[in-house]
Amino acid sequence: VLAPSAAAHATLEQASPRVGATIGTAPREIRLVFSEGVEPALCRVTLTGRDGRARALGTPHTAPGDRRTLIVEVSESLAPDAYKVAWRVVSVDSHTTQGDFSFVLAR
Amino acid sequence: MNVEAALAAARFAHFGAAMLLVGAALFPFYAGGAHAAHSRLFSACAFVSALGWSVCLVLRTTGDFSQPALGALFVGTGFGRAWLAHLAFGALMLALAARGAVRPRLNLLVAMLHLATLAGIGHAARDEGLRGIVHQGVHALHLLAAGAWLGGLTPLARRLRAGDLRAAQRFSRMGYVAAPLIVITGLGNLFLVTGAAAPDAAALYGRLAAAKLGLFAALLGLAAFNRLYAAPRGRVALILRAILIEQCLLAALLAVAAALGMSAPDA
């Protein structure tokens, strides 16, 4: 479920794992593509399972030569569960947006 | 007061002061007369509003005033570094004003750089590469041309009150350059931000842009009235009244511009 804030600046256009998807293999990274460039130093991404525990993630960074794609490595191996990805990003023109979505890692 | 309202107020005061400083420093270069030091009041207003803007920037992005968080915001991001450069020019201007330094070229250069560096932190920062350079250049030119007009009105009124009608003629001559530049760069900006050549009335951003165009049209009407009716007849009191209305219109324009820069082009 996409939940952009009222002043839609950097909106989530694409995500991997896909928004609402059910996937069979544990993702090694989370990839978020936004409608405009983001400043990775100010971007926060969290991944939580049904138990509410935040899973260990790396430091968010943008893809080389593409300020719109934010990548964050998943530092622990994920067990099958329903996960929530919450993001809060600051665009290159200094506007903050946030949202979250879920995906399911099936057995 | 919420952060959005505080930021809008800080932006209004800051753009206004930065433009007044450019226009006042430029005025003697085309209208003759003595050069003066930067206004201490406007320089201080520009600097204080910039500090207020900085606080709002922190509150709107990280909300964290710890040293590492401030470092990430002001050094770790492109807009943060552009903002620091802008603040540096503001501090330099404040120092020049405090010293009462009458160095016409230096004063003008610092005021222009101070205003132009505001282009590095707005919507123009979204574009990369050549498009980014063009967009920031167009935005900077828009700010400078608007500053030349807005900031020139105060010294012009002073000159008229002293009975110098030729200053009005020279100001209009400058206006013949500034006004088309303001329109062209304004529409260029609109196109570069929204991808459309005309404001979209269905979007808030478009309505604000349309409001700016409407106010500007009224401003041009007043300028034409001065140039074609009041000035040739030497009606100084009438010109001064028209200038006062122009200043009110410009204040309204500036308020709309302050809101425009905060609104999302696609919302």
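This is a predicted model: local features need pLDDT of at least 70, side-chain atom pairs count only at pLDDT 80 or more; totals for chains, interfaces and linings use all residues.
Residues are numbered from 1 along each chain as its sequence is written, and chains are lettered from A and ligands numbered from 1 in the order in which they are written. Local features need pLDDT of at least 70 and side-chain atom pairs count only at pLDDT 80 or more, while totals for chains, interfaces and linings use all residues; side-chain values use heavy atoms, with hydrogens and water left out.

**View 1. Four strands of chain A form an open antiparallel sheet.**
The strand order is β1-β3-β6-β5. Strands are DSSP runs of E with at least two residues, helices are runs of H or I with at least four, and both are numbered from the N terminus. Two strands pair if DSSP finds at least two bridges between them. The edge strands are β1 (12-16) and β5 (61-63) of chain A, and each pairs on one side only. From one strand to the next, the twist averages 30°. Four bridges link β1(A) to β3 (residues 29-34) of chain A in the antiparallel sense. Here A:Q14 has A:V33 as its bridge partner. β3(A) also pairs with β6 (residues 66-73) of chain A, over five antiparallel bridges.

**View 2. β5(A) and β6(A) form a hairpin.**
Three bridges join these antiparallel strands. Two residues lie between the strands, and A:G65 takes a positive phi near 75°. Which residue in β6(A) is the bridge partner of A:T62? It is A:L70.

**View 3. A second open sheet of chain A has mixed pairing.**
Its four strands run in the order β2-β8-β7-β4. β2 (22-23) and β4 of chain A stand at the edges with a single partner strand each, so one side of each is left without a neighbour in the sheet. β4 (residues 44-48) and β7 (residues 81-90) of chain A pair in the antiparallel sense over five bridges. In this pair, A:R44 has A:R88 as its bridge partner, and A:V45 stands opposite A:W87.

**View 4. β7(A) and β8(A) form a hairpin with five residues between them.**
The pairing of β7(A) with β8 (residues 96-105) of chain A is antiparallel and spans ten bridges. A:D81 stands opposite A:L105 in β8(A). A:S94 is in the loop between β7 and β8 of chain A. Its phi is near 75°, a positive value in a residue other than glycine.

**View 5. A cis peptide bond joins A:S16 and A:P17.**
Omega is about 0°. A:P17 is found in the loop between β1 and β2 of chain A. Most residues other than glycine have a negative phi, and most peptide bonds are trans.

**View 6. In chain B, helix α1 packs against helix α2.**
α1(B) covers residues 3-31 and α2(B) covers residues 40-61. The angle is about 150°, with the axes 8 Å apart. That makes the two helices roughly antiparallel. Axes are lines fitted to C-alpha atoms, for helices over the stretch in contact, and angles run from 0 to 180 degrees between N-to-C directions. Angles under 35 degrees count as roughly parallel, over 145 as roughly antiparallel, 65 to 115 as roughly perpendicular and the rest as oblique. α1(B) passes α2(B) in a left-handed crossing; left-handed means that the near helix is turned anticlockwise from the far one by less than a right angle, and right-handed means clockwise. Residues of α1(B) in the contact (heavy atoms within 4.5 Å) include B:L7, B:F15 and B:L21. Those of α2(B) include B:F42, B:W53 and B:R60.

**View 7. α1(B) also packs against α6(B).**
Helix α6(B) covers residues 129-161. Here the angle is about 65° and the axes are 6 Å apart. The two helices are therefore roughly perpendicular to each other. The crossing is right-handed. Among the residues that meet are B:F27 and B:Y30 in α1(B), and B:L150 and B:P155 in α6(B).

**View 8. Chain A meets chain B.**
The contact takes 16 residues from chain A and 24 residues from chain B. Together the chains bury about 1500 Å², 51% of it on carbon and sulfur atoms. Buried area is the accessible area (1.4 Å probe) that two parts lose on being put together, summed over both. A:L42, A:R67 and A:S94 supply 30% of the area that chain A buries against chain B, more than any other three residues.
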